[in-house]
Amino acid sequence: MVHIRRFAFRVAAALVYVSFVQAQTISSVCQRISNSISLASSVFYDPEPSYLADIYHYAESSSQTSVCSVEPGTAEDVGIVLTILGSTRTLFGIKGGGHIMNPNYSSTAGVQISMSRFTAVDYDSSTGTVVVGAGNIWDNVYEALLPYNVNVVGGRVSGIGVAGYTLGGGYSYLTNQYGLTIDTVRVFELVLPNGTVTNVTESKHPDLFFALKGGYNNYGIVTGFTYQTYPQGLVWGGQNIYLGQYVDQINAATADFANNVTDPKAALITTYDYQDGVFVISVLMFYDAPTQPAGIFDGFLTVPALSADVSTRDYLDLVLTENTSTSANMRGYYNTVPLMDITLPLLEAVVSQLQYWQSILSSDSGTLFSYDVEPFLPTILTHGSPSAYPWTRAERFLPLNVYFAWTDAADDSDFYNALVATAANLTAVAVSEGQVLVPVAPHYPNYALYGTSLASIWGTSLGEMIVVKEECDPHNVMGLTGGWKIPI
Ligand SMILES: Cc1cc2nc3c(=O)[nH]c(=O)nc-3n(C[C@H](O)[C@H](O)[C@H](O)COP(=O)(O)OP(=O)(O)OC[C@H]3O[C@@H](n4cnc5c(N)ncnc54)[C@H](O)[C@@H]3O)c2cc1C
Ligand SMILES: *[C@@H]1O[C@H](CO)[C@@H](O)[C@H](O)[C@H]1NC(C)=O
Ligand SMILES: *[C@@H]1O[C@H](CO)[C@@H](O)[C@H](O)[C@H]1NC(C)=O
Ligand SMILES: *[C@@H]1O[C@H](CO)[C@@H](O)[C@H](O)[C@H]1NC(C)=O
Ligand SMILES: *[C@@H]1O[C@H](CO)[C@@H](O)[C@H](O)[C@H]1NC(C)=O
Ligand SMILES: *[C@@H]1O[C@H](CO)[C@@H](O)[C@H](O)[C@H]1NC(C)=O
Ligand SMILES: *[C@@H]1O[C@H](CO)[C@@H](O)[C@H](O)[C@H]1NC(C)=O
């Protein structure tokens, strides 16, 4: 007994010692980085305000305490940082907007890299493209482009980072017209793991260009994106919130929109929520003109709303309509089901799952149970060339998003298991109504729960992605940072 206890004590002491030594080692790596980078870049430590901003994530469960944070200010400095991290085999995280809902995907216990100093938004009217630094959130880009009456295909609510969102695919209000965000990227400025800075284009580097479109941080660190822009005037839209008692009308209007509206300027997100125990439905409506043609949104606009904020406005004002800070700073994960169709019975199954899981987990620390359905036209994947995600463009799938938020870390595994179970249920429901490809369809990596198989994320792209990985990152330096990882 005494022996066992003493042994257990020694093991515990050894573990504490090991993590102490690791922190010491990482701390010397931080020092080395600090001594090697230019004046454009900085290293920060707890509790400096810049350090706290650098490790901050939208979901508390996506944050970790790192040994130091680095804010590189030039692509060359990103290269210096990467070569030091690679040669010392130090774990690191790369953060754009910090909105990914999987833990350890853009955070780390090692060295946190924040791209926050890459803030350029440079519009070139002669080419109709804009160079956007990887530290921006979409809000900044929309604001900078407003005076030029052009826009990019970006995020739909406030606060999302351009980097992770673009490197995973990107579903926008403008996707029905122009495709996924990756279909609008013309150049990735990429720092390879050996420190070389390169502008990756479809014509010069077809394989790497393909692999980056859905390949995140597997090939290096992207410092900037050049996007195609499109003409943009005032838009019509916003968010209405309805009490749960109107669910039948909202279901009918949503199914009708998903199956009958063919106008590519119209877009919709219907979200079924239990927020602090109350069943409400949020409907985000969008039309790419100052006024909506009669008919498209009548099924929603005729239902009495708890709150209504739909108007003619500029694009930035539109994305500010949803208050995303109500669900920030909680623990939270997403999961996804790639639907073929949004039917009335499927919406009823979604609502039934929402009610089921909020009742099952009401004794846990759940604050938000949320299912959103996102209709898109069958043609959205015809606007771009092949990409790692989605690995087939033969058919477009509709990324249903499930989001649970809670406050107590002890409940993490309950919510993880519930998110796996609810996705399995809705997949089975979809299959039972004839949506037979749902189980084998590409799962949107910006929504998929960690643990989802790489075959679901990258499918038939994986072979080519591995070949490119072996070329660009033979020592798997990028395996030291978290995320969807290419196995080599
Ligand atoms: C409130 C909210 C709303 C959302 N709305 C939408 C939406 O409308 N449409 C949509 O498609 N998705 C949406 N998403 C999902 C969103 O696309 C993902 O969360 C996305 O990963 C966020 O990008 P980020 O830069 O903020 O994330 P981060 O957490 O910073 O990064 C995500 C991943 O990208 C990697 N990465 C970040 N920067 C770089 C870089 N410079 N180089 C290489 N790798 C990098 C990270 O290491 C990490 O693995 C939403 C998410 C939230 C929380
Ligand atoms: C990549 O392109 C950007 C924008 O055109 C340019 O500023 C930068 O110098 C280029 N980088 C390299 C390594 O060619
Ligand atoms: C599509 O429109 C037709 C004609 O108005 C209607 O009968 C049908 O119910 C609509 N589909 C859905 C799913 O609502
Ligand atoms: C948004 O929500 C937060 C948190 O619930 C609240 O503090 C804030 O006042 C809200 N903002 C607006 C504009 O409603
Ligand atoms: C899905 O869950 C519902 C409860 O929301 C249940 O009635 C149904 O049997 C489940 N379906 C499948 C296929 O698991
Ligand atoms: C860096 O890696 C790239 C891709 O493998 C390679 O083309 C380049 O020559 C390397 N540069 C140096 C300086 O080793
Ligand atoms: C985070 O990701 C890194 C890189 O993939 C991995 O080595 C590490 O074990 C992960 N940490 C946790 C806590 O999952």
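The model is predicted. A record in UniProt, an unreviewed entry, places the feature "domain: FAD-binding PCMH-type" at residues 62-232. Within that span, 23% is helix and 26% is strand, and the end C-alpha atoms lie 34 Å apart.

**Ligand sites**

- Ligand 7 is surrounded by Leu 91, Asn 104, Gly 479, Leu 480, Thr 481 and Gly 482, and the protein covers 46% of the 360 Å² of accessible area that this ligand has on its own.
- Polar contacts to ligand 7 include one from the side chain of Asn 104, where an N or O atom is 2.3 Å from an oxygen atom of the ligand, and one from a polar backbone atom of Gly 479, which is 3.4 Å from an oxygen atom of ligand 7.
- Around ligand 4 are the residues Asn 323, Ser 325 and Thr 326, and here the protein covers 26% of the 370 Å² of accessible area that ligand 4 has on its own.
- A polar side-chain atom of Asn 323 lies 2.4 Å from an oxygen atom of ligand 4, while an N or O atom in the side chain of Ser 325 is 3.5 Å from an oxygen atom of ligand 4.

**Surface patch**

- Val 431, Val 436, Leu 437 and Val 440 form a nonpolar patch on the surface, and together they have about 310 Å² of accessible area.
- One of these residues, Val 436, sits in the loop between helix H12 (412-432) and helix H13 (454-458), and Val 436 counts as exposed because its relative accessible area is 54%, above the 50% cut-off.

**Backbone features**

- Most residues other than glycine have a negative phi, and most peptide bonds are trans.
- The peptide bond from Asp 46 to Pro 47 is cis, with omega near 5 degrees, and Pro 47 lies in the loop between strand S1 (42-44) and helix H2 (49-55).
- Another cis peptide bond joins Tyr 389 and Pro 390, with omega about -10 degrees; Pro 390 is found in the loop between strand S17 (366-373) and strand S18 (398-406).
- Tyr 216 has a positive phi, near 50 degrees, in the loop between helix H7 (206-212) and strand S10 (221-228), and Tyr 216 is buried, with a relative accessible area of 10%.
- Asp 276, although not a glycine, has a positive phi of about 45 degrees; Asp 276 is placed in the loop between strand S13 (266-275) and strand S14 (278-287), and is exposed, with a relative accessible area of 59%.

Technical notes
Residues are numbered from 1 along each chain as its sequence is written. Chains are lettered from A and ligands numbered from 1 in the order in which they are written. This is a predicted model: local features need pLDDT of at least 70, side-chain atom pairs count only at pLDDT 80 or more; totals for chains, interfaces and linings use all residues. Side-chain values use heavy atoms; hydrogens and water are left out. UniProt positions are given in the numbering used here, feature names are shortened, and annotations may be inferred rather than shown by experiment. Helices (H or I, at least four residues) and strands (E, at least two) are DSSP runs, numbered from the N terminus. A residue is near a molecule or strand if one of its heavy atoms lies within 4 Å of it. A polar contact is a pair of N or O atoms within 3.5 Å; within protein, one must be able to donate a hydrogen and the other to accept it, and residues adjacent in sequence count only if both atoms are side-chain atoms. Accessible areas come from the Shrake-Rupley method with a 1.4 Å probe; for residues, only the protein chains shown count as cover. Patches are made of residues with over 30% relative accessible area and no salt bridge: like charges are joined within 9 Å, nonpolar side chains (Val, Leu, Ile, Met, Phe, Trp, Tyr) within 5 Å. A salt bridge is a side-chain nitrogen of Lys or Arg within 4 Å of a carboxyl oxygen of Asp or Glu. Buried means under 20% relative accessible area, exposed over 50%, partly exposed in between (1.4 Å probe, protein chains only).
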